[in-house]
Amino acid sequence: MSESGAQLFARLEARRCLKDIEPRLFPEDGGPDHGEVVELFGLEGTGKTELLYHLLCRCVLPEAAGGLEVDVVFVDTDYSLDMLRLVSILDSRLNAALSSSPSLFGPAEVALRSCLSRLLVVQCSSSSQLLLTLHFLETTLSSRPTLALLLIDSISAFYWLDRCEGGTSFTKQEEKLGRCAELLGRLLRDYRITVFATCHAIRRTVLPSSSSSSESERSYLCRPWQRLVTHRLLCSRQEPGNDIAAAGGDGQEQRRRQVFTIHCSSSSSSSSSSSSSRAKASWSSSFCVTDAGVEFLSDTHQ
């Protein structure tokens, strides 16, 4: 039986908005809306992938365990997805929810399988494969209104490969990622998904402690991608200090934890799409990584 335009529209309208995906990371109602892109930018080892795991778990967990209970696609371009780590985080959060309210849902093993059934993992080894993956996602998105989040780790994985293949032509160097960004923009518009993507900084001086707006923090990826980004999270790693213990918990244990800082900036526009109509906001938060996943220590909104 064919689907009418009205039925298709109603089904797409049912796709969940993720503005509340992580209130400790985004201020109230400040998270990404339908069709928006969040870029996590920073050097290697600044917690970007752990943040993706945290957001992934938040989405696939049942509502009874504090989750959003939506489907997620994880595009792994670095071949670094640690499924054991992901399952461990999910298991910890399910057990924590069961310990407080044993009757919330069934056995943890059954709930864990249900969580994993909401996750689709795709691996890519080139920009061409990424483009094919996005084409494949169009069919998946049209048939799964519960699919609300696309994670890409990382969008910059093929930057140097594309530059080499493009030779001396700057246009050819950016052509493949530009096509990916254009197709992704159409998927965002037509299917109202939310995208989080990591982007590796290529300069060692990316995040000076005195400022979050230096020249070196500007995205080096192609303009079509930059135009898609509505929220930018600048991730950095704090130097260990004695003041870490003030964040709570056992002092010695806290000193052993590495603390990460996120400087967030976002821009949103009203009915007009011109850049002059965009309202900008910024804030910051910090977290550490534990066996149970990301643990936020503080957040400061500006």
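**Close-up views of a predicted model**

**View 1. Cys199 is a buried residue.** Cys199 has 0% relative accessibility, so it counts as buried (under 20% relative accessible area; exposed is over 50%, partly exposed in between; 1.4 Å probe, protein chains only). The model is predicted: local features need pLDDT of at least 70, side-chain atom pairs count only at pLDDT 80 or more, and totals for chains, interfaces and linings use all residues. Residues are numbered from 1 along each chain as its sequence is written, and side-chain values use heavy atoms, with hydrogens and water left out.

View 2. Cys264 is buried, at 2% relative accessibility. The whole structure has zero disulfides (pairs of cysteine sulfur atoms within 2.5 Å).

**View 3. Ile21 and Phe196 touch the most other members of the largest nonpolar core.** This core has 43 residues. A nonpolar core is a set of buried Ala, Val, Leu, Ile, Met, Phe, Trp, Tyr and Cys residues joined through side-chain atoms within 4.5 Å. Beyond its neighbours within four places in sequence, Ile21 is in contact (heavy atoms within 4.5 Å) with Phe26, Pro32, Leu55, Arg58, Cys59, Leu68, Leu149 and Phe196.

**View 4. A second, separate core has 38 residues.** Its members include Leu43, Leu183, Leu184 and Cys199.
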